[in-house]
Amino acid sequence: MNHSIKLEAVTQPRTIERIVTGVPTSDGAGVKLTRVLTQNLQQRLDPFLMLDNFRSDDPNDYLAGFPDHPHRGFETVTYMIAGRMRHRDSAGNEGLLKNGGVQWMTAGRGVIHSEMPEQENGVMEGFQLWLNLPARRKMIPAWYRDIPSSEIPEYTTDDGVMVRVIAGSSNGVAGAMTREQTEPIYLDIDFPADSLFSTALPAAHNAFVYVYRGELAIGGTQLAENRMAILSNMPYADGVVLISSGPARAILVAGNPLGEPIVQHGPFVMNTRDEIFKAIKDFNEGCLAEIR
Ligand code: CO
């Protein structure tokens with residue numbers, strides 16, 4: 001799928017409210033990654049709870065993987081730009097996530113899964129985004145979908161900007177996934193030198209851009225490599241305009257805020273402390289996830 005399209009007009013583009021530098025950390029059994037969206041930004045970037053960026057060509061940084069661990073109360077969206085990861089879960093699902101593919105998992109009431117690299121050398125690069133579920137949907141049955149690269153809609157602009165629409169829609173192109181209420185938009189954008197890209201965004205959506213190659217200009221402010229720009233929310237803004245002077249790659253993520261209390265304890269994200277205690281109890285008693 002590759003359409004050349006004209007960009008829809010954006011007349012009141014958003015500006016940068018704040019630039020965030022990711023925090024180097026390790027997770028799972030010792031996978032090195034950069035946590036870009038940290039817990040202190042969850043209210044501001046509601047409905048998004050976390051964004052991790054991993055990129056390494058040193059197997060010691062990723063080989064240990066993410067052995068069995070639980071989740072409850074939200075969705076995980078894993079985008080593998082390069083590399084191969086095998087996932088297995090308590091509901092009996094298994095799949096191989098590879099180059100350009102996405103795994104969309106709804107933990108709902110509970111899932112126990114593992115995410116293990118299936119390569120012993122080479123580059124492993126990608127993102128894991130956590131998307132909250134509305135209170136009334138936190139305890140739905142677990143669900144997941146593997147989206148191979150070939151099923152992610154793409155388009156190219158007259159400027160030669162290539163856009164992959166993982167979720168939501170952009171310039172009239174519908175993405176691979178939609179979600180009620182949180183209405184996420186998730187784009188991976190590849191810029192040639194001297195190009196401009198714009199896309200409409202609902203004014204109420206919280207939105208951010210993360211540049212993972214090169215740099216971009218947004219509203220006259222430069223955004224350097226490996227930085228996240230939180231875009232300002234202005235009632236009259238109708239989208240965003242991104243300008244690159246050299247080659248660049250970035251993800252653009254936006255979603256409709258839920259405006260509900262967020263209580264996180266590690267892999268559980270609920271609305272109240274009591275619900276967190278219940279999740280821990282269910283996990284300890286072996287009844288967090290429905291085992292098939
Ligand atoms: Co996980």
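The second largest pocket draws most on β5, which gives four residues to its lining; strands here are DSSP runs of E with at least two residues, numbered from the N terminus. A pocket, on a 1 Å grid over the protein atoms alone, is an open set of points where a 1.4 Å probe fits, with protein on both sides within 12 Å along at least five of seven lines, and a lining residue has an atom within 4 Å of a point. The model is a predicted one, with local features needing pLDDT of at least 70 and side-chain atom pairs counting only at pLDDT 80 or more, while totals for chains, interfaces and linings use all residues. Residues are numbered from 1 along each chain as its sequence is written, and side-chain values use heavy atoms, with hydrogens and water left out.

Back to the second largest pocket: its volume comes to about 200 Å³, taken as the space filled by probe spheres set on grid points that are joined across faces, edges and corners. It is lined by 15 residues, and Leu33, Thr34, Asn53, Phe54 and Arg55 sit closest to its centre. Along with β5, the strands β3 (23–27), β4 and β20 each supply at least two lining residues. The lining splits by class into five nonpolar, five polar and five charged residues, where Ala, Val, Leu, Ile, Met, Phe, Trp, Tyr, Cys and Pro count as nonpolar, Asp, Glu, Lys and Arg as charged, and the others, Gly among them, as polar.

The largest pocket has a volume of about 400 Å³. Of its 25 lining residues, Asp27, Arg35, Met50, His71 and Trp130 lie nearest the centre. Here β6 is the top contributor, with five residues, and β4 (31–37), β5 (48–56), β6 (66–71) and β12 each put in at least two. By class, this lining holds ten nonpolar, ten polar and five charged residues.

Several of these strands turn up again in an open sheet of seven, ordered β3-β4-β5-β12-β7-β10-β13 with antiparallel pairing; two strands pair if DSSP finds at least two bridges between them. The edges belong to β3 and β13 (143–147), each of which has a single partner strand, so one side of each goes without a neighbour in the sheet. On average, neighbouring strands are turned by 20° against each other, direction ignored, with axes fitted as lines to C-alpha atoms. Within the sheet, antiparallel β5 and β12 are joined by eight bridges. Met50 has Trp130 as its bridge partner in β12, and both residues are among those nearest the centre of the largest pocket.

As for aromatics, the structure holds six pairs, a pair being two rings of Phe, Tyr or Trp (its six-membered ring) with centres within 6.5 Å, called stacked if the planes are under 30 degrees apart, edge-to-face if over 60 and tilted otherwise. Tyr79 and Tyr186 have ring centres 6.2 Å apart and planes at 85°, so they meet edge-to-face. Because Tyr79 belongs to β7 (residues 74–82) and Tyr186 to β18 (residues 185–191), the pair ties together parts 107 residues apart in sequence.

Phe127 is buried at 0% relative accessible area and Tyr212 is buried at 1%. Together with Tyr210, these two residues form one aromatic cluster.

Note on methods:
Buried < 20%, exposed > 50% of the residue type's maximum accessible area, 1.4 Å probe, protein only. Axes fitted to C-alpha atoms, helices over the stretch in contact; angles between N-to-C directions.
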